[in-house]
Amino acid sequence: MRIGITGGIGSGKSYVCRLLARHGIEVYDCDAAAKRLMRTSPRLRQQLTELIGPQAYDSANGQQLNKAAVAQFLLASEDNAQAIDAIVHPAVFDDFLQSGQQWVESAILYESGLDRLVDKVVVVTAPDEVRIDRIVRRDGITAEKARQWLNRQWPQELVRQKADFEIVNDGATPLNDQIDALLQSVGAGDAI
């Protein structure tokens with residue numbers, strides 16, 4: 001059984017995945033994979049450079065991905081975001097399927113179409129203000145920029161309605177009991 005873990009930016013899904021790791025559950029991280037593939041795949045490098053321009057990679061730093069230029073291009077328009085997604089998502093999906101892992105984490109599981117590759121979906125939720133605060137502290141950006149990232153994703157309520165299981169990560173609700181219940185519900189209780 002393949003299980004997808006999703007939740008908007010700042011919801012704490014990566015933290016939940018670290019807690020799952022303590023239970024012996026290895027989770028494929030789509031965000032980390034996308035960054036790795038954009039950095040290491042000659043095909044993605046070529047496609048992104050053709051799309052964004054030479055500023056997509058910083059030649060002064062050994063052809064490193066220029067995250068600021070990519071983010072600026074991505075946030076400039078929905079068409080730009082879709083063009084990047086059309087390049088990166090298929091590469092990440094293939095990498096996940098080849099990984100042999102059963103659990104996958106993606107902030108945009110539904111938006112990207114990754115939900116078609118999993119049997120169950122777990123959503124990690126938190127109030128928007130908690131999420132914005134986490135993003136600001138983690139990324140060192142303004143609340144306005146954090147809100148832009150938040151607004152690029154599906155509304156949390158819509159994702160909650162589509163998911164099979166919810167983990168509330170609001171900083172007050174205990175997580176361990178929720179994770180134990182999740183593992184029992186998907187038949188992974190023996191991993192505890």
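**Entry 1: cavity**

A cavity is here a set of points, on a 1 Å grid over the protein atoms alone, where a 1.4 Å probe fits but cannot get out. The volume is the space filled by probe spheres set on the points, with grid points joined across faces, edges and corners. I noted that the model is predicted, that local features need pLDDT of at least 70 and side-chain atom pairs pLDDT 80 or more, and that totals for chains, interfaces and linings use all residues. Residues are numbered from 1 along each chain as its sequence is written, and side-chain values use heavy atoms, with hydrogens and water left out.

By this rule I counted one cavity of 30 Å³ or more. I then listed the lining (residues with an atom within 4 Å of a point). The largest cavity is lined by Thr6, Gly7, Gly8, Ala107, Glu111, Arg131, Gln153, Trp154, Gln156 and Val159. By class, this lining holds three nonpolar, five polar and two charged residues. Ala, Val, Leu, Ile, Met, Phe, Trp, Tyr, Cys and Pro count as nonpolar, Asp, Glu, Lys and Arg as charged, and the others, Gly among them, as polar.

I next looked up the largest pocket, which holds about 1,400 Å³ of space. A pocket is an open set with protein on both sides within 12 Å along at least five of seven lines. Its lining comprises 41 residues, and Ile9, Asp31, Lys35, Ala107 and Trp149 are the closest to the centre. This lining divides into 20 nonpolar, eight polar and 13 charged residues. Helix H5 contributes the most to it, with six residues.

**Entry 2: nonpolar cores**

Which residues touch the most other members of the largest nonpolar core? I found Ile84 and Val92, in a core of 31 residues. Such a core joins buried Ala, Val, Leu, Ile, Met, Phe, Trp, Tyr and Cys residues through side-chain atoms within 4.5 Å. Two or more residues each come from helix H2 (30-40), helix H3 (42-52), helix H4 (67-76), helix H5 (78-99), H6 and strand S6 (120-125). H5 gives the largest share of this core, seven residues.

Beyond four places in sequence, Ile84 touches Leu48, Leu51, Ile52, Val70, Phe73 and Leu74. Contact means heavy atoms within 4.5 Å. Another core, of 17 residues, lies apart from the largest one and includes Trp103, Val124, Ile179 and Val186.

I located Ser106 in the loop between strand S5 (103-105) and helix H6 (109-112). Ser106 is buried, at a relative accessible area of 6%. Buried is under 20% relative accessible area, exposed over 50% and partly exposed in between (1.4 Å probe, protein chains only). A polar atom of the Ser106 side chain lies 3.3 Å from the backbone nitrogen of Ile108. With neighbours within four places in sequence left aside, the contacts of Ser106 include Lys13, Cys30 and Leu114.

I found Leu114 in the loop between H6 and S6, and it counts as buried at 0% relative accessibility. On the same exclusion of neighbours within four places, Leu114 is in contact with Cys30, Phe93, Phe96, Val104, Ser106 and Leu109.

**Entry 3: Ala143**

Is Ala143 buried or partly exposed? Ala143, in helix H8, is partly exposed, with a relative accessible area of 37%. Leaving aside neighbours within four places in sequence, I recorded its contacts with Ile132 and Val136.

Note on methods:
Helices (H or I, at least four residues) and strands (E, at least two) are DSSP runs, numbered from the N terminus. A polar contact is a pair of N or O atoms within 3.5 Å; within protein, one must be able to donate a hydrogen and the other to accept it, and residues adjacent in sequence count only if both atoms are side-chain atoms.
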